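Subject: Structure for you to look at

Hello,

Here is the structure I promised you. Please open it next to this email and follow along.

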Amino acid sequence: MQRFSANRFSKIANSAYDVFINYRRIDSQKTIAPLLHEYLVNLDVKPFMDTIDMKPGHRLFDHIDEAIHGCKVGVAVLSPGYCDSYFCLHELALLSEYKKRVVPIFYDIKPSELLVKDSACYPHNVLRRFSSALEETKYTVGLTFDSSKGDWSELLRKASDAVLMNLLEVSIHEEKAV
């Protein structure tokens, strides 16, 4: 895939972040999420990742909401434990509600295996919100990766290419709207 210059995104972006990385910490903090964050930083893209960009004293929901609202593109690392996390589903729902483009990475899971569990912990409207965002993401073209057999460098290259392509398309759309 053709490489795009990420510098143009920084000039166009109104927010502190170009990309929001949504992931389940227990499944992917020590693998794909920080690698992708570093890879994007090296391409002059400004990614948001909670464990890197949030500091003691930051209000969790306020900071996350601001980062998602201001970003151009989201990356959802969908993993086996993803749907067990209220925070993952909440962030995915915000990305959907703010009409952000989402690049799904199906990490050690098939889209058909992703399901919001009907939990008594969630009010019906929250359950519906989470399910809707997850269904939308499952039917978005994404990347699949099997961590036991996959080529990590190829995944990082494909994921960053997908992010850069989506950033470019969003930027072109925004320029036309002005």
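**The sheet**

Five strands make an open sheet, in the order β2-β1-β3-β4-β5, and the pairing is parallel. The edge strands are β2 and β5 (143–145), and each pairs on one side only. Strands pair here if DSSP finds at least two bridges between them.

Some ground rules. This is a predicted model, where local features need pLDDT of at least 70, side-chain atom pairs count only at pLDDT 80 or more, and totals for chains, interfaces and linings use all residues. Residues are numbered from 1 along each chain as its sequence is written, and side-chain values use heavy atoms, with hydrogens and water left out.

**The whole chain**

The protein chain has 8 helices and 5 strands. Both are DSSP runs numbered from the N terminus: helices are H or I with at least four residues, strands are E with at least two. Along the sequence the pattern reads α-β-α-α-β-α-α-β-α-β-α-β-α.

Of the 178 residues in the chain, 47% count as buried. Buried means under 20% relative accessible area, exposed means over 50%, and partly exposed lies in between (1.4 Å probe, protein chains only). The accessible surface comes to about 9,500 Å², and 54% of it belongs to carbon and sulfur atoms. Those areas come from the Shrake-Rupley method with a 1.4 Å probe; for residues, only the protein chains shown count as cover.

Now take the contacts with a separation of 6 or more: 81% are between residues 24 or more positions apart. A contact means heavy atoms within 4.5 Å.

How many residues of β1 are buried? The count is 5 of 5, so β1 is largely enclosed by the rest of the structure. V19, I21 and Y23 point one way from β1, while F20 and N22 point the other way. In a regular strand the side chains alternate between the two faces of the sheet.

β1 has two neighbours. It joins β2 (residues 47–48) through 2 bridges, and there F20 has F48 as its bridge partner. It pairs with β3 (residues 73–78) over 5 bridges, in the parallel sense. On that side, V19 stands opposite V73, F20 is partnered with G74, and N22 with A76.

β3 is mostly covered too, with 6 of its 6 residues buried. V73, V75 and V77 point one way, and G74, A76 and L78 the other. β3 also runs parallel to β4 (residues 101–107), joined by 6 bridges.

**The largest pocket**

The largest pocket holds about 240 Å³ of space. Of its 14 lining residues, Y23, R25, D50, F87 and E91 are the closest to its centre. The elements that give two or more residues to the lining are β1 (19–23), α5 (60–70) and α6 (86–97). By class, the lining has 9 nonpolar, 1 polar and 4 charged residues.

A pocket is an open set of points on a 1 Å grid over the protein atoms alone, where a 1.4 Å probe fits, with protein on both sides within 12 Å along at least five of seven lines; lining residues have an atom within 4 Å of a point.

L43 sits in the loop between α3 (32–42) and β2. L43 and L164 are 121 residues apart in sequence, and 9.2 Å apart in space, C-alpha to C-alpha.

Best wishes

Methods
Points joined across faces, edges and corners; volume = space filled by probe spheres on them. Nonpolar A, V, L, I, M, F, W, Y, C, P; charged D, E, K, R; others polar.
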